[in-house]
Structure formats: C-alpha cells, structure tokens
Amino acid sequence: MPGAADAPASPAATPRRPRRLRRPAAVVAAVLGLLVLAWVVAVAVSGAQAARALQRVADAAPALEEDLRDQRFAEAVPVAEDVAADAAAAARATGQLPYRAAEHVPWVGDQLSALGGGALAAAALTEPLPGALTAVQEVLGDGFLARDGAVDVAALQRLGPLVTDYASRVEVARAALERAQGPRVLDALATRLEPVSRRLEEVAGPARVAGALAPHLPAMLGAEGARTYLVAFTNPAEIRPVQGLVGAYAYVSVDAGRVSLVRTGSNDDLQDARSDVTVNGEEFLSLYGRDPDAALVQNLTVGAQADDAARLAVSLVADAGLPTPDAVVLVDPVGLGALLGPDQPPLQLGPFGEVAADDLPEVLMHDAYVRYEDDNDAREAFLAAASAAAFEAVLSDGLSTDALRGGREAVATGHLAVWSSRAEEQEALVAAGLAGVLGDPAATPATAHLGLTNAAPSKLDYWVRAAVEVSPPCATGTAQTTGTVQLTLTNTVPEEVPWYTRNQRHRSDPVLGRTARDVVSLWVPPQVGLDGASVDGTPVGTAVDGEHGWRLIRLTVDVPPGEAVVVTWRLRGRADALPVTVTPPSTASTPEVHTVGCSQ
C-alpha cells in the first residue's frame, strides 16, 4: 500500500491557495481606500485652512489700504505682518501635493485652482509688505521724496529694488488670478476674487511704470552728476500730434536731487534757429521734411512721436547757441494742471492774480490771448513766465503723491512726455509708457491712434471738441472682415475772439476767420487696409504712408464755427488686427471715446 507521502492531494485542499491570495488584495484595497480618504480629508482641510486665511486677508485689506493711502506707515506695519502671515498660510495649504493633485479632478479642480490662484496672488503681494513699509516709513517721512527742497536720491536708491520687486510680484499675482477666471468656477468664488483681480489691473500700470524707472531714476535726478533738462511748453490751441506748438521753454538743472530753474524764454528766441530734420531718419524726412518750414520751431511736434520732437528740439536749441540738454520734457497747460494737482495752492500769475491749477489751461490758452491781443511780445513773455512758474511749482513739491498721480494722468492723455539722450534711460521711459511713442503695432494689436495738426494757422483748436467712435469687427481670430473708426470734430468757438487766434488766411471773414483747418492722422497696424474714408458721408481722398511701423492715413478737414464734422474710416483686415481701442488726439478738452456695435 502506498505510503501517505505518496497519496494524491485531497480535493478539499485545493481552494486554500486562492484564499491566501485574496487576503493581501483586500488589505491593499483597504489601504488604498484609507489613502483616498486621507487624500480627500487633506484636500478638504487644506482648502478650508486656505479659505479661512484668505478671509482674514480680505477682512484686513480695507484697513491696510486706508493706512497706506493716508501714509500711516507705522500703523500699517503690524497689520501687514498679519496679512502676510495669513496669505503665506493659504499659499502653503494650497501648495501641498494632495491639493495640487486634486486640481486635476474635473469641475472640483476648477474650484481648487481658483482658490489656489487667489492664495498665490495674495502671498506674492503681501510677503514683502512688512519690510517694504518699514523702509518706506524711514525714507519717505511725511510722504514726499524731498529734503530741503531737493529730491532725496539716496532714498530712491534704497527704494528702487523694493519697487522693482513689487512690480514683478504684481505680474505674478495677475497671472495667478487668471486661474480664477474659468467658466466652470462657481459664482460664489469668482465674485470674491473678481474685485481683487480688478484692483490688480488698476495698479498694474503704475507698478509697471515704477518698476521700469526705479533703476534709472536716481541717475536721472543727478545722483551721478548734474543733468540738464529742456522743458518745452506746448500749446494744443495750435495742435500737433505731439501736444501742440512749442510756445515757450525752460532749462532745469538737477544735481544730486536739487532742482533749479536756470533759464526761461519764448519761441521768439528760437525763430532764427533751424533744427536738423535728418536726425529722425529717412522716413521722417520723407513724411515731414519736404515742407520748407519743417526745421522751424513751430514744426518740432508735427511727427507721431515725442522722441522725434525731442531730437528736433535738441538740434534747434544747439543751433540757437543754447546748451545741449541731457533730456527733454514736453508738457502743455493741461499737463501742467494735472501735475500741480487739485490741492496745489493757487499760482500768482501777474495780471490774472491767483490762478487755481484747474484754471491754468484756460488762462494760458485763452485769457492771455484776450488780454494781450494787441501786444504779441507781452503775450509771449507772459506765457513763458507763467509756464515756467507753473513748472517750478511742480518741482517745489519734490515727487509728491499728487504730482505722480497727475503725471500718470497727463502721460495717459498725451499732455506730457519725457525723452532722454541716454539709450538705457529712454528704453526705460518707453517701457514705462512715459516716452510718448506709438509703440510696436505687433505688441499692441487691435489699437489705433488719432492725431490732429493745425493747418490754418490759428489758435482755434482750443475750441475744437473731439469724439471718437470705434466699431470693432463682429468676427474673431484671423478671419478677414471690416471695422470702422469715426471722429467727430465740433467747433465751439464764440462769435468774438482775439484776432491772433483766428484763421490767419481768412482773418477778416466772420465765418472763415473762425473756421479751424486740421490735418487728421490715423495710425493703424500695417496689416489693416483702408476701404475708404468720408467726411460728412462724402467720400474723400487720403494720403497713405507708413510711420514707425504703423500705416498712416491722412486727410484735411475744415471745421466751421458751431458745426460738427464727421470723419469716417472704413477699414479691412484680420479681425484680431482691426481697431478695438483708439487713442484720441490730445485736444485741450478731454475727448470722448466710445465703442459701438460691431461691424459685419
């Protein structure tokens, strides 16, 4: 009989091995379930922690903003420390691996990404605040970057890295908040983050300006040696694409932050001088240099860009035997009023008495012509002295908050521009948007620019009101389509005006003498074509050229007193290149700009 060892295995023993295999699978499944549960709990806890921390940030933000606005830096520092700590906690909570992984879960991930974007934005903006506010408190004092009548360049050098860093953080925060803009983000969450995003858009421009200029501003203010600025006072009553006719000038010296007014004068001093119209290259020469009067002081600002005008101004004063400046500032009465700000004490302007900043444009562009109608020399002298006095009042404030805010407004509306002869500084001015240039059409698609050039000659542009309507295309992307830009010019000139302001070609005619004549210039991206132009519905011819990479379309219009003239351009091209926004001409009064229904 065979031994037990040789006996075949019992059928009953067969299932035991599978049971041993199922036991590890069950354990693995249980462990995975616990991990998933732990992951869900971790994500939920992280989200809840982040939400609570961000709520504390939101609750503290109004008080912190009020302290900063009122320059109570000492009170703001502890609040900023708490805000920065809460924002950092929110960023840590939403930056953990389980949370980041959960952002890939459909729909739920959209909400988590939005919350994470808000946390990252808050952390980016608040992390440097405590240290920055401490530094600002030490160097700004009462809120002005000025000491004993001089700009504190050492303070600027210390603040420069902080400003540059914060400008980059604003861009990081804007990018982070884009995560909260998705269509699947809950309204309850999107509406909480939308005001933050909107506020960031408001500060992005000033932050970009400050970040671009901060490394160069100390040198521009004489930290490395005295700098000479030529201030060209322009007048949009006789308008040009760059502000207006240069009617007066001043030389300003800046040495180690100390600003002094060196010399003032009127354009009478420059009548015998001639600028070198070749300094702006062949394109400028072909567009504007054919005019035999192109080299005169009256035509410094006929081109599209302030840097062109500045180079012409430098060559003109050199020809007149005046010092060659390191930089040029172009500013008109509207820009001066903005720089002075609403809280500036009234200026004492001789026969006009005390003049408030808001009234400065009217005094310089109208009242002076009435008072000095029969004395051109006295009028020129007054305009030069008054413009210089206004600019000196701006300088006496150092870099006040009002001056900086007004400067941004004046630049944005085309009433102030700065040019530097040093390439690296000019690049920074361009990046900051202070240089008064058209920009690169490839970098600013769907944009157009409008300019006016007085062709009478007259000072009637003071009364011309401009309104712009843009009808963007209905199509999108690369589709070929059409759009329109419409400019309405209304001449509000009264029946009685000084003879000097009238149209000098028809001075004695009661209607033609008060009829403004202007060249209207439209700059559009080069891939945008012109289907046609009309004035008051009647087709007209145009000159089509190129300038600084833009397509330039020009025509001339007469604007009779009490009437409105409507200029319409019908444009064709790619939908993503046709104008959606238009920079209006720099008229004495603020132009109206409207976007109307799209064009088919």
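Between which helix and which strand is the loop that holds G222 found? In this predicted model, G222 is found in the loop that runs between helix 8 (217–220) and strand 1 (227–239).

**G222 and its surroundings**

- G222 counts as buried, because its relative accessibility is 2%, which falls under the 20% limit that defines the buried class.
- Although G222 and D255 are 33 residues apart along the chain, their C-alpha atoms are separated by 4.4 Å.
- When neighbours within four places in sequence are left aside, G222 is in contact with R227, V254, D255 and A256.

- N235 is found in strand 1, and at 8% relative accessibility N235 counts as buried.
- The side chain of N235 takes part in a polar contact of 2.8 Å with the side chain of Y369, and a polar atom of the N235 side chain also lies 2.9 Å from the backbone nitrogen of A237.
- Not counting residues up to four places away in sequence, N235 touches Q243, G244, L245, M365, Y369 and K459.
- Q243, one of the residues that N235 touches, lies in the loop between strand 1 and strand 2 (244–255), where Q243 counts as buried at 1% relative accessibility.
- The backbone of Q243 has a positive phi of about 70°, although Q243 is not a glycine.

**Packing of helix 6 against helix 7**

- Two packed helices are described by the angle between their axes and the distance between those axes.
- For helix 6 (residues 153–177) and helix 7 (residues 187–213), the axes come within 9 Å and cross at roughly 150°, and the crossing of helix 6 and helix 7 is left-handed.
- On the helix 6 side the contact is made by V163, T164, A167, V170, E171, A173, R174 and L177, which meet L193, V196, S197, L200, E201, V203, A204, A207, R208, A210 and G211 in helix 7.
- Sorted by class, the contact of helix 6 with helix 7 has 12 nonpolar, three polar and four charged residues.

- Strand 12 (residues 529–535) and strand 13 run antiparallel and are joined by three bridges; the bridge partner of V535 in strand 13 is T538.
- L571 is found in strand 16 (residues 564–574), and L571 is buried, with a relative accessible area of 0%.
- L571 and V528 are 43 residues apart in sequence, while their C-alpha atoms are 6.6 Å apart in space.
- Leaving aside neighbours within four places in sequence, the residues in contact with L571 include T481, T482, G483, V485, V524 and V528, and also among them are G529, L530, D531, I553, L578 and P579.

**S315 in helix 10**

- S315 has its place in helix 10 (residues 306–319), and S315 is buried, with a relative accessible area of 15%.
- The side chain of S315 reaches the backbone nitrogen of D276 at 3.0 Å.
- With neighbours within four places in sequence left aside, S315 is in contact with R274, S275 and D276.

**Backbone features in two other loops**

- A cis peptide bond, with omega at about -10°, joins A456 and P457, and P457 has its place in the loop between strand 8 (447–454) and strand 9 (464–471).
- W107 has its place in the loop between helix 3 (97–102) and helix 4 (108–126), and phi of W107 is near 60°, a positive value in a residue other than glycine.
- W107 is partly exposed, because its relative accessible area is 43%, a value that lies between the 20% and 50% limits of that class.

Terms used
Residues are numbered from 1 along each chain as its sequence is written. This is a predicted model: local features need pLDDT of at least 70, side-chain atom pairs count only at pLDDT 80 or more; totals for chains, interfaces and linings use all residues. Side-chain values use heavy atoms; hydrogens and water are left out. Two strands pair if DSSP finds at least two bridges between them. Helices (H or I, at least four residues) and strands (E, at least two) are DSSP runs, numbered from the N terminus. Buried means under 20% relative accessible area, exposed over 50%, partly exposed in between (1.4 Å probe, protein chains only). A polar contact is a pair of N or O atoms within 3.5 Å; within protein, one must be able to donate a hydrogen and the other to accept it, and residues adjacent in sequence count only if both atoms are side-chain atoms. Contact means heavy atoms within 4.5 Å. Axes are lines fitted to C-alpha atoms, for helices over the stretch in contact, and angles run from 0 to 180 degrees between N-to-C directions. A crossing is left-handed if the near helix is turned anticlockwise from the far one by less than a right angle, and right-handed if clockwise. Ala, Val, Leu, Ile, Met, Phe, Trp, Tyr, Cys and Pro count as nonpolar, Asp, Glu, Lys and Arg as charged, and the others, Gly among them, as polar.
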